[in-house]
Amino acid sequence: MKRIQYHQYGGPDLMRLEEFELASPGKGQVAVKIRFAAINPIDWKLRAGRMKIVTGRAFPRAMGIDISGTVISVGEGVTRFKIGDAVFGLARFKESGALGEAVVTKDSFLAKKPETVSFEAAACLGTPGATAWNGLVDKAKLTAGEHVFINGCTGAVGEAAVQIAQILGAKVSGSCSAVATERALALGVQTVFDYRTTDLSTVRERFDVVYDTAATMTDAVGLGLLRQNGRFVDLNPTPGKFIRSMFNRRLKVVVCTPRSEILDRIARAAKDENLRLPIAEIVPLSEAIPLITALESGRKLAGKALVMMD
């Protein structure tokens, strides 16, 4: 089997498509033959070593988080899945491995793919859907009738957050680039601000929840947009922000934390056509490294980039 991996932390030139031996799934784990993997910024952040305090120093290390595919074996204690099940979800954060032909992950990081949802569409949902849910539900406790502002509302996490907020019965405003405004309005964002021309600190509306899915807001701006008892959800989890959040209950720092109940809810939303993310480009695994390199270097796509296993 093949996967993209690297033998030391560093830049995109370190990525290699290499042979590897798939481990047998352990207790609570599932082995998945991958059909599609979605590329996320976290992929190259991990490879660059930005989170090596978590990922450690054992090499080679695999790349990729979000997957769709078919179960090929299950470990001890797994009852939610059986061989042959179509699934989607996430690889384990520390081990990664989505950008390859197969991966072993936790059963709680997967959900069954609805028959009406394609493998391509399902591969897009894991990290964006779970992160949006973590921020809006787990951290902000968003409820029906509240007004949420989503900074970066046409990014992958932003689009997922817009749709999940609407599922929960909330009103949504947000910011994005001018060229993405039409997309935001089509998603149901009621008031859209161009982040390039609008100083968000001057926005007069106040919100119950502000979710900075673009990770570009300062605490002062995010907190300043809140109503009394509002919650600012920050997707840039620095140690300093974690410390500040301990003393300011309005500041919520979010880290993607998938759980089976979240992924099952995402699956239902996708089945009901209430949650979907656009796909901009699909390449085979043999051509994935140049695409990852281009995206890391700043290439912009109007949707998700997927890798199809050869």
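## Domain interface and cavity

Between domain 1 and domain 2, one residue pair is in polar contact, with both residues at pLDDT 80 or more; a polar contact is a pair of N or O atoms within 3.5 Å, where within protein one must be able to donate a hydrogen and the other to accept it, and residues adjacent in sequence count only if both atoms are side-chain atoms. The side of domain 1 that touches domain 2 comprises four nonpolar, one polar and three charged residues. Here Ala, Val, Leu, Ile, Met, Phe, Trp, Tyr, Cys and Pro are nonpolar, Asp, Glu, Lys and Arg are charged, and the others, Gly among them, are polar.

The model is predicted: local features need pLDDT of at least 70, side-chain atom pairs count only at pLDDT 80 or more, and totals for chains, interfaces and linings use all residues. Residues are numbered from 1 along each chain as its sequence is written, and side-chain values use heavy atoms, with hydrogens and water left out.

The domain bounds come from an automatic or database assignment.

| Domain | Residues |
|---|---|
| Domain 1 | 2–125 + 258–308 |
| Domain 2 | 140–253 |

Taken over C-alpha atoms, the centres of domain 1 and domain 2 are 27 Å apart. Eight residues of domain 1 contact six residues of domain 2, contact meaning heavy atoms within 4.5 Å.

Lining the largest cavity are Trp133, Ile164, Ile167, Arg265, Ile266, Ala269 and Leu275; lining residues have an atom within 4 Å of a point on a 1 Å grid over the protein atoms alone, and a cavity is a set of such points where a 1.4 Å probe fits but cannot get out.

Notes. 1 Å grid on protein atoms, 1.4 Å probe; cavity = no way out; pocket = protein on both sides within 12 Å on 5 of 7 lines; lining within 4 Å.
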